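This report describes selected local features of the structure shown below.

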Amino acid sequence: MITDLIDVHAPAIDLQGLVKSFGDNEVLKGIDLTVTAGEVVCIIGPSGSGKSTLLRSVNLLEEPTGGKVLIEGIDITDPDVDIDRVRTRIGMVFQSFNLFPHLDVMGNLMIAQQRVKKRSKAEAAKIAHEMLGRVGLAEKADAFPGHLSGGQQQRVAIARALCMNPDMMLFDEPTSALDPELVGEVLQVMRSLADEGMTMLVVTHEMGFAREVGSRLIFMDGGHIVEEGDPREVIGNPQHPRTQDFLSRVL
Ligand code: ADP
Ligand code: MG
């Protein structure tokens, strides 16, 4: 089976000439991006520049119009590849937390473990408790999402993704829907994940996080990677006029 042939030396994520169009609207215009295991790559850019489409292309939530997406050396645009198996290695966290409102926290953390990973109830519960502890919410196991703050819900969403033991995590503006006072607790969880060596691709407006936690910062505009580099360099000394303009408005 082709998906068993994981190349441990391959990059975690390797986008090669990625193009995505919606009808006549070419949203990604040939993106080349290689993410090495353990890297934290932050993506910034104006609304509509293609950041979410890029992230969603990494696990084929969007089907590329052209180019290739390689995950750990496997070309997932190859129709023979079992995309569901590759997807289990990629955790994704969205702006809207997407928890099941009718399930308590444990239920939310266990359901995919049991259905997708085929874990026993006991094993799924053990891992759920472990991951809930990791995001600092051990005492909320029996709470329902509606009774949690936005920051707590997003931490549960991160724990839920971690329960699948992903090799990498994709975050699409994970703090954008939160009240300002709740942003910090989510960024703290993300920072600890980064410190533990998780490979992360993070679309964010949090420039402090990008500067301090990111190993690389990418500025996207109009479906292109316009500029990339060390976050401190890009933020402190942007080279491209469009990066300069964008940063002058967000900083
Ligand atoms: P960003 O996340 O940077 O704000 P997006 O990737 O969400 O940008 O969107 C980039 C462009 O692609 C926008 O013009 C948006 O309208 C378009 N787009 C995104 N998703 C779809 C879709 N499912 N169908 C049609 N157009 C889309
Ligand atoms: Mg977006």
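## Helix α1

After α1 comes L60, which has a positive phi near 65°. In this predicted model, local features need pLDDT of at least 70, side-chain atom pairs count only at pLDDT 80 or more, and totals for chains, interfaces and linings use all residues; side-chain values use heavy atoms, without hydrogens and water. Residues are numbered from 1 along each chain as its sequence is written, and chains are lettered from A and ligands numbered from 1 in the order in which they are written.

Helix α1 covers residues 51–58, and six of its eight residues are buried (under 20% relative accessible area with a 1.4 Å probe, protein chains only). These are K51, T53, L54, L55, S57 and V58. Helices (H or I, at least four residues) and strands (E, at least two) are DSSP runs, numbered from the N terminus.

## Strand β3

All five residues of β3 (residues 40–44) are buried. V40, C42 and I44 lie on one side, V41 and I43 on the other, and both faces are covered.

Strand β3 runs parallel to β8 (residues 199–203), joined by four bridges; strands pair if DSSP finds at least two bridges between them. V41 has L201 as its bridge partner in β8. Four bridges also join β3 to β9 (residues 216–221), again in parallel, where I44 stands opposite F219.

Terms used. Buried means under 20% relative accessible area, exposed over 50%, partly exposed in between (1.4 Å probe, protein chains only).
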